[in-house]
Amino acid sequence: MSIVLVGLNHRTAPVEMRERLAFSEEACAQSLPRLVDGETIREGLIFSTCNRVEVLTATERLTASDAASRIGDFLSQTRNVSPDLLRPHLYVHADEQAVRHVFRVACSLDSMVVGEPQILGQVRRAYALAVEAGTAGRVLHRLLHHAFHTAKRVRTETGIGAAAISISYTAVELGRKIFGSLAHRAVLLIGAGEMAELALRHLVKAGASRILVANRTVQRAQQLAAQFGGEAIADERLTEALSQADVVICSTGAERYVVTPEMAHQAKALRRNQPLFIIDISVPRNVDPRVGELDDVFLFDIDDLEAVIESNIREREREAQRAELIVDAEVMRFQQRLRDLDFGPTVGALKQRLIEMAREEYQKRRARLGQLTPEQEKAVEALLMATVNKISHPIIHRLRRSYETGDHDNVQAWRDVFGLEDEPELGKEFDE
Amino acid sequence: MKTLLLVALSAYIVAAIHAVLSFINRRRALERVAHAALAVGFGFHTTALAVDWLRDRIYPLFHRSETLSFLGWALVLFYAFVFRRYRTHALGSFMLPLVALLVLAASVMQADGRAMPQLLATGEAAWLFPIHTTSLFLAYAAFFVVFIASVMYLLQERELKLKHFGMVFHRLPSLATVDEISAVATSIGFTCLTLGIIAGMSWSFARDGRAWRNDPKEVLTALTWLLYLLLLGQRYAAGWRGRRAAWIGLAGFTLVLCTFFGARLMGGYHVFG
């Protein structure tokens, strides 16, 4: 058994590549069964946010590099990107490295802004999707739950999330640069995602007073608008809303440009050329990049924000270092538990197999023994069990050593010798 | 009085150095030193101008040295006004060195002939002449503020568009603030310019019945006036602001410089000193 993770993130791939790779929730649900064949790739999870697309798998009888190339093929096929284009952006992590990566992602140590809290919710959602699709098994259950546990520890034991947060913070800072003060400014939300809501919260705290919300599902728009004392906007009134807004936060799941240069131009004329600050945090991007070429329109997509945010990351680095120590400890604990997890069932299956063999042979020869007293029956049974134990003892000893040193080949060799096939399903034991 | 001007100059130099340092180090204490020195310099400078006026009974705004000195004085006045109103910490580091430079030039050049003013001071409608010159130099100072604000706007606008923030970015006032400074200064400058032109034309008309002489300086000033009229008009009517207004602010100031220095080279009625 190996854990293999293949993916790309904001550091390895530009937004153009990430938006091509991004999986919507529906796409996740459809693609997961294609990824997991049950034979070699036994479990799978797709984690897709605006900053990263990662495929996490538990594999069997597959080297890490074979698994990685299969996952790479999966990505290029489902997302329709040529492998040659894709490969330079991908990173591969296996086993302990993969575990560490997942933990670091969940703890927001690998995020664009270290310490931003949204990522944990996104990981949870990706896990839920994998569970729904039936592609999360005993390894991923355990891995993800341990990741959540680690993230919780990091959040409570370090100050990593104490300072102002990511995109939202940057939005406020840039808004102040453009408008001087955000007091009495109007904010338009296009798409009512979690991230957008958070940014809005910060802008309101900074003084923004008029809130407009446009969303595909009207109820959600109304709900959010009500929450902030704002106004829900119908899609066809978007241009008008643009003309009334000073700050626009765009984060829909749409796969096209929601704000076009024509709309922005019109809105600009309507608002008498007052500056317009547009933040496009959606991937794929929802605001046509040409909008940013208009005079006094300041468009920041997710990559642009990264540049601004870099300095903030440095400020958080110290706290992050403490978080890394926690992650280190948790990775070790997890590896140990994973070994136990693998070891127990294997030993159980091995003994089961030996006992079966012994009973089979005994049944075949039983008739020749003639009539036996209950005491004799018991003695024979004890003899068989003792023999099985005697035989299995050195094997178990070797197996334990193989697990502890991570020698999966040796484990596999023993399993093959005794024809051990499926491991018992242990998914239910996780309720962490 | 030369001594008074030299004291003012020293104070201005101290102010300029501290303003620049406070801009670089972002230390408010340095800025307070700059402002204290500026107040002292302004006091001496004002006294120097008043003493000159009272002693010679001639309004001290005719010779080149006098115009430079007055321009420096007007800039300090505007700086004080803008700072009080907008608390823009960066402006001093741009304006005060220029003030020091202008006053330095004025004090170096001060010993020149004083033949012309007697003629001007005694002729027909002589009271209009000081209004003409004062208004125009106040206008020039205001347009310099517009220029500085426009540069600040364009620098930051560029950085925002390129998404690359340099050292200057975190030290300059917000776009909205510099745009507003520019708008207010444009209005003040335009008002002064108009007043100066009207005074000049009336004065000329009263003396020899000619309001307009097609003098290069007059033509350039008319162009400048039209340009700022366009800028103001479009600001109010069409909501021009930001980048476009900033570029016009730059163009306008270029015209002002041409009027101030260039007209000399082309000759004509408005050649002095």
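Tutor: Read along the sequence, chain B runs as α-α-α-α-α-α-α-α-α, that is, with nine helices and zero strands, where helices (H or I, at least four residues) and strands (E, at least two) are DSSP runs numbered from the N terminus. The model is predicted, so local features need pLDDT of at least 70 and side-chain atom pairs count only at pLDDT 80 or more, while totals for chains, interfaces and linings use all residues. Residues are numbered from 1 along each chain as its sequence is written, chains are lettered from A and ligands numbered from 1 in the order in which they are written, and side-chain values use heavy atoms, with hydrogens and water left out.

Of the 273 residues in chain B, 53% count as buried, a word that means under 20% relative accessible area, whereas exposed means over 50% and partly exposed lies in between (1.4 Å probe, protein chains only). If we take the contacts of chain B with a separation of 6 or more, residues 24 or more positions apart account for 80% of them, a contact being heavy atoms within 4.5 Å.

Helix α8 of chain B, residues 216-237, gives the largest share of the patch, with four residues. Val219(B) has its place in this helix, and its relative accessible area of 33% makes it partly exposed.

One loop of chain B also deserves a look. Arg87(B), in the loop between α3 (64-86) and α4 (91-109) of chain B, has a positive phi of about 55° although it is not a glycine. Most residues other than glycine have a negative phi. At 48% relative accessibility, Arg87(B) counts as partly exposed.

Now we can follow chain B to its partner. There, 22 residues of chain B are in contact with 22 residues of chain A, and the two chains bury about 1700 Å² between them, 51% of it on carbon and sulfur atoms; buried area is the accessible area (1.4 Å probe) that two parts lose on being put together, summed over both. Within chain A, Lys177(A), Arg272(A) and Phe298(A) lose the most area to chain B, together 38% of what that side buries.

Across the interface the rule finds one salt bridge, meaning a side-chain nitrogen of Lys or Arg within 4 Å of a carboxyl oxygen of Asp or Glu. Side chains of opposite charge can pair when their charged atoms come close. Here the salt bridge is formed by Arg243(B) and Asp295(A), whose closest N and O atoms are 2.7 Å apart. Between chain A and chain B there are also 14 residue pairs in polar contact, both residues at pLDDT 80 or more. A polar contact is a pair of N or O atoms within 3.5 Å; within protein, one must be able to donate a hydrogen and the other to accept it, and residues adjacent in sequence count only if both atoms are side-chain atoms. On the side of chain A that touches chain B, α8 (166-179), β10 (297-301) and α13 (302-365) of chain A each supply at least two residues, and α8(A) gives the most, with five residues.

Arg333(A) is partly exposed at 40% relative accessibility, whereas Glu330(A) is buried, with a relative accessible area of 1%. Over all chains, the structure holds 36 salt bridges.
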